[in-house]
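Me: I am new to this structure and would like to go through it by question and answer. Please show it first.

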Amino acid sequence: MKYLDEFRDPELACVLFDEIRAITTRPWAMMEVCGGQTHSIIRNGIDQLLPDEIELIHGPGCPVCVTPLEIIDKALAIAAQPGVIFCSFGDMLRVPGSGQDLFGVKSQGGDVRIVYSPLDAVKLAQENPDRQVVFFGIGFETTAPANAMAVFQAKHLGLTNFSMLVSHVLVPPAISAIMDSPVSRVQAFLAAGHVCSVMGTWEYEPLVEKYHVPIVVTGFEPLDVLEGIRRVVVQLEAGRAELDNAYARAVQSEGNLPAQKMLADVFQITDRTWRGIGEIPQSGWRLSDAYRDFDAELRFNVDDIHTEESSLCRSGDVLQ
């Protein structure tokens with residue numbers, strides 16, 4: 001199967017492992033940013049087959065992992081209100097809040113529904129004009145364009161019963177927070193290819209220059225990850241720090257310009273709290289002023305819910 005089997009070839013994987021072993025002469029620590037990369041690494045045993053000198057530090061993780069407790073609690077508060085249809089991707093329903101999860105709200109009579117696209121929630125709002133429909137918009141830059149389109153479409157349709165609970169986070173500020181930590185041991189990064197397919201690679205060039213760390217964009221199949229690791233080691237061994245795109249079949253330097261235009265219209269930069277990390281300045285999106293009427297936090301008056309999340313740990317704690 002194209003782009004699956006050819007990037008899971010065991011013989012080619014062995015060649016890459018041999019090349020990595022041959023060029024590695026000293027210890028190196030690198031971080032894969034995305035939980036999808038971590039999943040591929042663990043599932044395929046890549047971490048067990050690499051030379052002992054190479055340490056993979058698992059990064060912030062997937063969108064589910066980094067969604068903060070305070071946002072989960074806001075989702076629970078909204079979903080429990082009468083007359084609300086609360087829509088989410090299925091992976092968020094078991095994420096615990098302070099007391100329960102969305103499945104718990106559903107079991108108690110809340111109308112919590114799994115959807116496969118934010119546009120499904122827009123359609124529900126059209127079909128249920130007497131109900132308030134809320135979509136739980138989480139994730140990195142990858143999922144943001146579809147969520148932005150849903151809000152744009154709701155405004156275009158004049159829907160007054162659709163809103164979005166937004167918890168989008170951005171990768172480059174997280175990399176800065178990691179590198180600024182006094183206990184960081186990260187010497188290079190494997191950047192997430194799906195994020196870069198939207199945003200391009202240009203955001204990472206200033207990070208390479210500022211912190212003098214190699215950043216290699218990779219995909220998620222075993223050979224993608226191994227090739228990314230190989231290119232990182234080549235740079236580290238040579239004392240170089242460059243931005244390198246090892247996922248050119250999906251990523252261009254400029255990214256998806258129409259998607260970026262939509263994001264710039266619907267969202268604006270804000271500070272965000274990351275679960276297990278704490279607050280990172282200017283590391284997320286919220287709805288822009290032109291779309292504030294679709295902000296579920298404001299519509300349901302849950303913007304004053306606070307937890308101890310931001311005081312639990314700082315970015316340096318996860319790197320020790």
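Me: Is Cys-87 buried or exposed?
Reply: This is a predicted model, in which local features need pLDDT of at least 70 and side-chain atom pairs count only at pLDDT 80 or more, while totals for chains, interfaces and linings use all residues. Residues are numbered from 1 along each chain as its sequence is written, and side-chain values use heavy atoms, with hydrogens and water left out. Buried means under 20% relative accessible area, exposed over 50%, and partly exposed in between (1.4 Å probe, protein chains only). Because its relative accessibility is 0%, Cys-87 counts as buried.

Me: Which cysteine sulfur is nearest to that of Cys-196?
Reply: A disulfide is a pair of cysteine sulfur atoms within 2.5 Å, and the structure holds 0 of them. Cys-196 is in no disulfide; at 10 Å, the nearest cysteine sulfur is that of Cys-34.

Me: Which backbone oxygen does the side chain of Ser-40 reach?
Reply: Ser-40 lies in helix H2 (residues 35–43) and is buried, with a relative accessible area of 5%. At 2.7 Å, its side chain reaches the backbone oxygen of Phe-220.

Methods: Helices (H or I, at least four residues) and strands (E, at least two) are DSSP runs, numbered from the N terminus. A polar contact is a pair of N or O atoms within 3.5 Å; within protein, one must be able to donate a hydrogen and the other to accept it, and residues adjacent in sequence count only if both atoms are side-chain atoms.
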